[in-house]
Amino acid sequence: MRLEEKASAAEVLAARERYVPRGVATSDLVVTRAWGARIWDADGREYLDFAGGIACQNLGHGPVGVVRAVHEQVDRYLHQCFMVGIYEPYVEVCRRLDELWPGEAATKSILLNSGAEAIENAVKIARAATGRPGVVVFDRAFHGRTTLTMAMTSKLVYKQGFGPLAPGVYRAPAPYPYRGVSTEDALHGLDLLFKQDVDPAEVACMVLEPVQGEGGFIPMPAEFVAALKERCERHGILYVDDEVQSGCGRTGTVWAIERLGVEPDLLVAGKTLGGGLPLAAVTGKSELMDAVHPGGLGGTFGGNPVSCAAAGAVLDELAAPGFRERADQIAALLHKRLDEIAARQPVVGEVRGLGSMLALELAEPNATAAKRVVAAARERGLILLSCGLDGNVIRLLPPLSATDDELDRGLSILEESLGDAGAE
Ligand SMILES: Cc1ncc(COP(=O)(O)O)c(C=O)c1O
């Protein structure tokens, strides 16, 4: 079977069924075009996109500056491999990441292909810098799907049947006030972990998402993050800030941790960083980044020049004052509307998030109603994603370039679709 250039949705779906394994869970949406906050399917139907390719399009589809930078780079060269011939776009992204570092330290960066690969590299760097093996992660964490990162991730579906998992990973509770886990409970759990399971002197790093993403859009309280940082300093443990989903402007600031007042030792970025092209980064205090011997870090495609050209334009846009202003307006608009919706729709248990990274948790702790809402919204022309350990959280990831009208229409569809949550 060979697909024609303008294959119908049914033909693409049939080919997907035939050639792509079921392990890659997909919807039946066949996309042919995307721009701004909107995407079009193979039948020409238009949708509002509140998923953004899972947080990769904080600037919307096809942002003009990013597309222009990509075109210019495509005409120069597509690939070099940074280890063979270095090039300016890679170094420039690292320079910009240093400028945008949420703290005082001088930093260096390494560029990789995916969030999971970057998390793996952050752990390698932390182990090399401390000479310790242990990694502490938290309940409901998502750090990726590779052998090390699936051990760090806190949901069975991502690791079931793929063991043995990487050793040296220890899990502590994270605050989840809506389901009764306070900051105090979580810290008590961490202190117990250090008494029962692992000597803190054997721990290289703690890795935390400032707003848990796949785990249910749960913002980590500032006092929890500060207490972790204090324990890190007390025990010589590095604090690794996983900003793959929460970063690149999603919460309004470039990095979510800026809102929490803590300077991390290493920061991991991905998703929106490449503006839609694969790119991730580990940025960290220079002396830590330089702890790894020459040859210990790298990869064939990491920091591909076209992705770096895109990232340069993304970082320019995120750092522009107008971006933060608009993100804050969007956060206020979304929060107000979501609170009103929650007051009218009894299926909604909680509205939460940080800045413009917002979600609704449905009261019933199972995926049934959330699946209905996502399906009903799709029927009405809105693409939504659920998340959470129980699959009952509806997360909103509209581009921060969306107009008020687009946001308004999307939220109205969301509310109508919540009305279908109880339907059989
Ligand atoms: C917080 C976080 N870390 C890491 C990852 C892994 O990134 P990737 O899918 O690019 O490997 C994700 C992906 O969703 C994520 O949300």
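Select Asp-265 to begin: at 9% relative accessibility, this residue counts as buried (buried means under 20% relative accessible area, exposed over 50%, partly exposed in between, with a 1.4 Å probe and protein chains only). The model is predicted, so local features need pLDDT of at least 70 and side-chain atom pairs count only at pLDDT 80 or more, while totals for chains, interfaces and linings use all residues. Residues are numbered from 1 along each chain as its sequence is written, and side-chain values use heavy atoms, with hydrogens and water left out.

**Asp-265 and strand 11**

The side chains of Lys-285 and Asp-265 meet in a salt bridge at 3.0 Å, N to O (a side-chain nitrogen of Lys or Arg within 4 Å of a carboxyl oxygen of Asp or Glu). Lys-285 lies in strand 12 and Asp-265 in the loop between strand 10 and strand 11, so the pair ties together parts that are 20 residues apart in sequence. Lys-285 is also buried, with a relative accessible area of 15%. Helices (H or I, at least four residues) and strands (E, at least two) are DSSP runs, numbered from the N terminus.

Next, select residues 266-269, which form strand 11. Both of its faces are covered: Leu-266 and Val-268 on one side, and Leu-267 and Ala-269 on the other, are all buried. Strand 11 runs parallel to strand 10 (residues 238-242), joined by three bridges; two strands pair if DSSP finds at least two bridges between them. Within that pairing, Val-240 has Leu-266 as its bridge partner. With strand 12 (residues 280-285), strand 11 pairs in the antiparallel sense over four bridges, and there Leu-266 stands opposite Gly-284.

Move to the open sheet of four strands, whose order is 1-2-3-15 with mixed pairing. Strand 1 and strand 15 (382-383) stand at the edges, each with a single partner strand, so one side of each is left without a neighbour in the sheet. Strand 2 (residues 38-41) and strand 3 (residues 46-49) run antiparallel, joined by three bridges; Ile-39 has Tyr-47 in strand 3 as its bridge partner.

Now select Arg-38 and Glu-406, which form a salt bridge with the closest N and O atoms 3.1 Å apart. This pair links distant parts of the chain, since Arg-38 is in strand 2 and Glu-406 in helix 13, 368 residues apart. Arg-38 is partly exposed, at 23% relative accessible area, whereas Glu-406 is buried, at 8%.

**Helix 4**

Select Glu-99 and Arg-95, whose side chains meet in a salt bridge (2.6 Å, N to O). Both lie in helix 4 (residues 88-99), four residues apart, about one turn of the helix. Glu-99 is partly exposed at 47%, as is Arg-95 at 40%. The structure holds 26 salt bridges.

**Cysteines**

A search of the whole structure finds zero disulfides (pairs of cysteine sulfur atoms within 2.5 Å). The sulfur of Cys-232 is 8.7 Å from the closest cysteine sulfur, in Cys-205, too far for a bond. For Cys-387, the closest cysteine sulfur is in Cys-56, 15 Å away and likewise too far for a bond.
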